[in-house]
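Visitor: Hello! Could you help me learn to read this model?
Guide: Gladly; let us look at it together.

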Amino acid sequence: MRYLLERRRLLASLATLTIGLGVLVSLFPPPATEAVLLNQPARTWMTNGTVYAVARAGSTIYLGGSFSRVGPPTGSLVELDASNGNYNPNWPVFNGPVYAILPDGTGGWYVGGDFTLAGGVPRNRLARVLSNKTIDPSWNPGADGPVYALAKSSTTVYLGGTFSSVAGELRSRLAAVDANTGSLTSWNPAASQYSSFNAVYALAVSGSLVFAGGDFGVMAFHYYPMTNLAVLDASSGIALPAPISANGIVRALALNGTTLYVGGEFTDVEGNGRNRLAAIDTSSTPLTVTPWAPSANDAVYALAVSGGLIFAGGNFTAINFFPRLRFARIRADGYVLGEDAAKFDSTVRAIVVSGSIAYVGGDFTTVQQGVTPRSFLAALSSVDDNLSSAGITSWNPRADNPVHALALSGSTVIAGGAFKMVNWEARSNLAALSAATGAATPWNPGTDGTVFALAVGSGRLYVGGTFSTVGGQERQNLAAFNLTDGSLASWNPGVGCCVYALAAGSTALYVGGGFITLGDQPRNYLGALDLTSGAVTAWNPGVGCCFVFALALSGDGSTLYVGGFFSTVGGQGRSNLAAVSTAGTGAVTPWNPGPNNDVYALAVSGSTVYVGGAFSQVGSTPRARLAAVDAASGNLTAWAPNPNGNVYALAVSGGNVYVGGNFTSIVGSNRPYLAAITPSGGLDSWQPSPNAEVQALAATPNALDVGGAFTTLTNRPRQGYAGFTLQLISFTTGQLTVAPGGTATLSSAVLQASGGFGGTPDTQRYILTAPPTHGTLKLGTTPLSAFSSFTQQDVNSGQVTYQQDGSSATSDSFTVSATDGIDSSSGPQSVPIAVGNFTPTPSPTVTPTVPPGSTATPTVPPGSTATPTVLPGSTATPTPTPSSSAGGGEQPSFVPLVTKNG
C-alpha cells in the first residue's frame with residue numbers, strides 16, 4: 001500500500017463533506033453582488049486542536065476533529081472576576097505571551113511580553129491598556145525582544161528583558177521610557193557590547209534605586225562588576241560602588257519597605273549562603289544581606305509580600321527541609337508556616353495576594369497532590385492566618401496554557417501568560433457553537449476518536465471518523481444526532497473502518513473512507529445508507545483500492561462526484577476521480593478527467609467541478625493540485641491557480657472559490673494555507689494568513705467557516721476554527737459644516753461606529769490618522785494631533801470639536817480609523833468639512849403686545865425685525881438691536897412704534 005492509513009488521517013481534509021458542497025450551493029445561492037469577506041475572523045470560540053470538518057444547521061455551527069476543549073479567543077491577557085473567575089470579553093486581545101503587568105496609577109496597565117498585536121493595534125512587546133480597556137494609541141515604545149519585567153517610579157517606567165533595542169535605539173536588556181508618552185529616556189545602564197548580559201527577569205524600584213535581577217555574568221555597569229543582581233541609580237543608570245551579586249539566576253524581586261526579597265536559582269548572595277531565597281536591607285550603606293535565610297531545594301520564580309508574610313512560588317518541593325510543593329508562606333523572621341493544602345503538580349510562576357486570598361498562576365494543572373483540577377490558575381483561602389493551612393477555593397478560570405504574570409485591580413484579577421483562552425469547556429472531538437454569539441452550546445456528546453466528516457440531512461447531523469463510542473454509547477465510525485434536541489439517534493449502521501467523507505442526498509447518506517464493510521454488507525470504500533433507517537441501500541458502485549477522501553453532490557442530486565486514491569470504480573478505470581449516478585445501484589458515468597495523484601477535496605458550482613489534492617496533472621494536461629472540470633463532459637477548463645502545496649479543502653460562495661491546504665503561494669503570490677480565487681483564476685485580495693494548514697471549509701452567502709491545524713489567523717489567536725463574516729467594526733461618516741474661523745461640534749451624524757466584538761461607545765475609539773489641514777480637532781480643550789484618539793462616547797456627548805483657522809479655504813477634511821478596543825479595527829475613512837457663510841434660517845417677525853398701563857422694552861433677536869404694538873395708555877421704548885451681519889461695527893437700528901386701539 002502506497003500510503004499508510006495514519007498519513008491519510010493527517011492529510012485528509014474532508015472539507016467538502018460538511019454538507020456536500022453540491023447541496024450547499026443549491027441551499028445557498030450566490031448573492032446578487034459578490035460580498036467581500038473581512039481579513040479578520042469573527043470572535044467565535046475556538047478549539048485546542050485540529051478541526052477536520054465543519055457543518056452549519058440553522059443557527060448552529062458544528063465542529064468535528066481532534067480536540068478536547070473549546071473556548072473564547074481571549075488572547076494572552078485577561079481580566080477575571082476575583083470571585084467567580086469569569087473573564088471580561090471587552091478586554092483587548094493580545095496575540096503573544098505576556099510576562100509582566102504593571103499598574104499605571106490611573107486605572108490602566110503597562111504590559112510587557114512577546115506580542116505584536118494588542119487590541120488589534122500593532123504593538124511590539126510593550127503596550128498600555130487604558131482604564132477604559134482600550135490600547136493607548138500614543139504610548140508605543142516597542143522593543144525588538146521579549147520584555148520580562150516592568151517597574152515604575154514617578155513618571156518613568158523601567159523595562160527588563162532580552163531586547164537589544166527599544167524605540168529603535170540601542171538598549172541592551174534594560175531601558176526606561178516616559179510613563180505618559182512612552183518616549184525613550186537616556187537611562188541606559190547596560191551597554192550593548194557586553195555579550196555576557198543575557199536577560200533581566202525582575203525589576204524593583206525603591207526611592208533613587210533600581211534593582212535588576214536576571215541571568216548575566218560579571219557585568220560592567222559603568223565599571224562596577226555585578227552578577228545576576230544589579231543596583232542602579234534611577235536617574236543616571238550608574239551602578240552603586242558596592243554591588244550585591246548572586247551566584248545563580250535571579251527570577252523574582254519583591255519590596256517590603258526597605259527590605260528587598262530575592263528569589264531564583266542561586267545558592268550564595270555576596271558571600272552568604274542563601275538557597276534560592278534571600279533578603280537585602282536597602283537602607284544600609286553599603287547594602288547588606290539580612291539574616292533571613294529560608295532554604296528552598298529548587299528554583300523560586302515568584303515572590304509576593306502581604307500582611308507580614310512572604311509568599312514564594314517556584315519549582316521547589318521543600319523549604320527548610322519541610323515539604324512545600326511549589327508554594328509556601330514564610331514569616332519575616334524566616335519561619336515557614338504550617339503545611340498548606342496547596343500542593344501544586346508543576347511550577348508556580350506568579351502570586352498576588354488580596355486580603356486572605358492568594359491568586360496563583362503557573363504551569364500546574366492540579367493542586368492538592370492531583371486531587372483538584374486547576375488549569376494554570378488557582379486561588380487559595382485563609383492565607384493571612386498564621387495558624388490555619390491555606391485551602392483551595394472554587395475559583396477556577398481554566399486557562400489553556402501557563403500563566404506568567406498576575407496583578408490585582410479592585411474586584412478583578414489581571415492574568416497574563418502563554419494562554420489563548422480561558423473559561424474553556426471540555427468537548428471531546430465534537431462541539432457546537434451558536435452562530436449568533438460564537439459561544440459553545442451545552443451540546444457535549446463526545447467521541448473516543450477523531451471526527452473527520454460531518455453532514456446535515458433529514459433533520460439529523462451525521463458524524464463520521466475513527467471512533468467506537470459516541471456519548472458513551474457504541475457507534476462504530478458513524479453516528480447520527482437529532483437536530484431538534486441534539487440527542488444521539490438510534491440510527492446505527494456501523495462501519496468496518498474509518499469514515500473520511502459524507503454527503504447527504506434527499507434520501508440517502510453517501511459514505512466514503514477506508515472500509516470494506518458498511519453495516520453488515522460488503523462495500524469497498526464507498527456506499528449509501530438510508531437517511532431514516534440506516535439500512536444499507538443497493539447502491540454499490542465499488543471502488544478499487546484504497547481510499548475515498550472526498551464526496552460532492554451535483555446541484556440536482558443526480559450525480560455524486562468521488563475523489564480519493566483509487567484506480568477503478570465499478571470495474572472501470574478511473575484515476576482518483578469519478579462520477580457516479582445516484583440512481584439504482586450507482587452506475588459509473590463516462591466522466592473521466594483522470595488526475596495523476598490523490599484527490600482530497602471537491603466542490604460543485606453550477607456546471608463546474610472544482611478539484612483539489614496532490615496531483616500534478618489532470619489527464620495529460622499539467623495542473624498543480626487544483627483544477628476546474630466541466631461537470632458534464634469532464635473536460636479540463638483553463639482555470640489554473642497552481643498552488644505550491646496540497647489542497648485539502650474547497651468551498652464556493654459569491655463567485656469565489658475558497659481554497660485551503662498546506663500551500664504557501666497560489667497564483668504566483670504569497671497566500672499561506674488559505675486563499676480566495678476569482679472565477680477567472682485570479683487572486684482575491686482576501687488574505688487572512690493562518691499559520692498552519694487548513695483542513696475544512698464551509699460557505700454561506702455571508703460567512704465562511706474555516707477549520708484546520710492553525711493557531712492564529714491575521715496574527716490573532718484562532719486555534720482550530722475561525723469564522724469570517726462580512727462586517728466587523730465599521731463606521732459611517734457625514735459632512736461637518738463650519739463658518740470661516742468658527743467652531744463646529746462633531747456628532748453621531750458625522751461619526752458613528754457599529755459592529756465589532758461587543759465594544760460600547762466608551763470603548764469604540766477613533767484614531768486620527770490624518771489631521772485637518774485648515775483647522776484643529778479638539779477633545780474638550782486639548783488639541784488632537786496625528787494618532788491621537790477619542791471615543792464614540794466623546795462624539796456622542798459633544799466633546800469633540802473642529803475649529804477652522806480663518807483661512808480662505810472652502811473645504812477641509814480629516815481621516816480616522818476605528819477600533820472596538822478589543823480585537824477589531826477598520827480601515828481609514830475621510831470626514832469632509834465644508835467651510836462657508838451659510839445662510840441662517842430666517843427668524844420670524846416679532847410683534848410684542850404691551851398691556852394697558854405698562855412699559856415694554858422689546859428685545860429683538862439678532863437679524864429680526866420687531867414692530868411692537870402699544871395698547872392705549874401704554875408706553876413702549878424701542879431697544880436698539882445689533883445687526884447679525886458678520887463683521888460687526890454697524891450702527892444700531894430702530895423700529896417704529898404702532899399704536900393699537902384697545
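Guide: We will talk about strands, then about salt bridges. The model is predicted, so local features need pLDDT of at least 70 and side-chain atom pairs count only at pLDDT 80 or more, while totals for chains, interfaces and linings use all residues. Residues are numbered from 1 along each chain as its sequence is written, and side-chain values use heavy atoms, leaving out hydrogens and water.

Visitor: In what order do the four strands of the open sheet stand?
Guide: Strands of a sheet pair through backbone hydrogen bonds, either parallel or antiparallel. Here strands (DSSP runs of E, at least two residues, numbered from the N terminus) pair if DSSP finds at least two bridges between them. The order is β74-β80-β77-β78, with antiparallel pairing. β74 (743-745) and β78 (782-783) are at the edges with a single partner strand each, so one side of each has no neighbour in the sheet. Three bridges join β74 to β80 (residues 800-804), and Thr-745 is opposite Thr-801.

Visitor: Which residue forms a salt bridge with Asp-104?
Guide: A salt bridge is a side-chain nitrogen of Lys or Arg within 4 Å of a carboxyl oxygen of Asp or Glu. The partner of Asp-104 is Arg-128, with the closest N and O atoms 3.1 Å apart. Asp-104 lies in the loop between β6 and β7 and Arg-128 in β10, so the pair ties together parts 24 residues apart in sequence.

Visitor: Are Asp-136 and Arg-128 buried or exposed?
Guide: Both are buried (under 20% relative accessible area, with a 1.4 Å probe and protein chains only). Their side chains also meet in a salt bridge (3.3 Å, N to O). Shared partners join Asp-104, Arg-128 and Asp-136 into one network.

How values were computed: Buried < 20%, exposed > 50% of the residue type's maximum accessible area, 1.4 Å probe, protein only.
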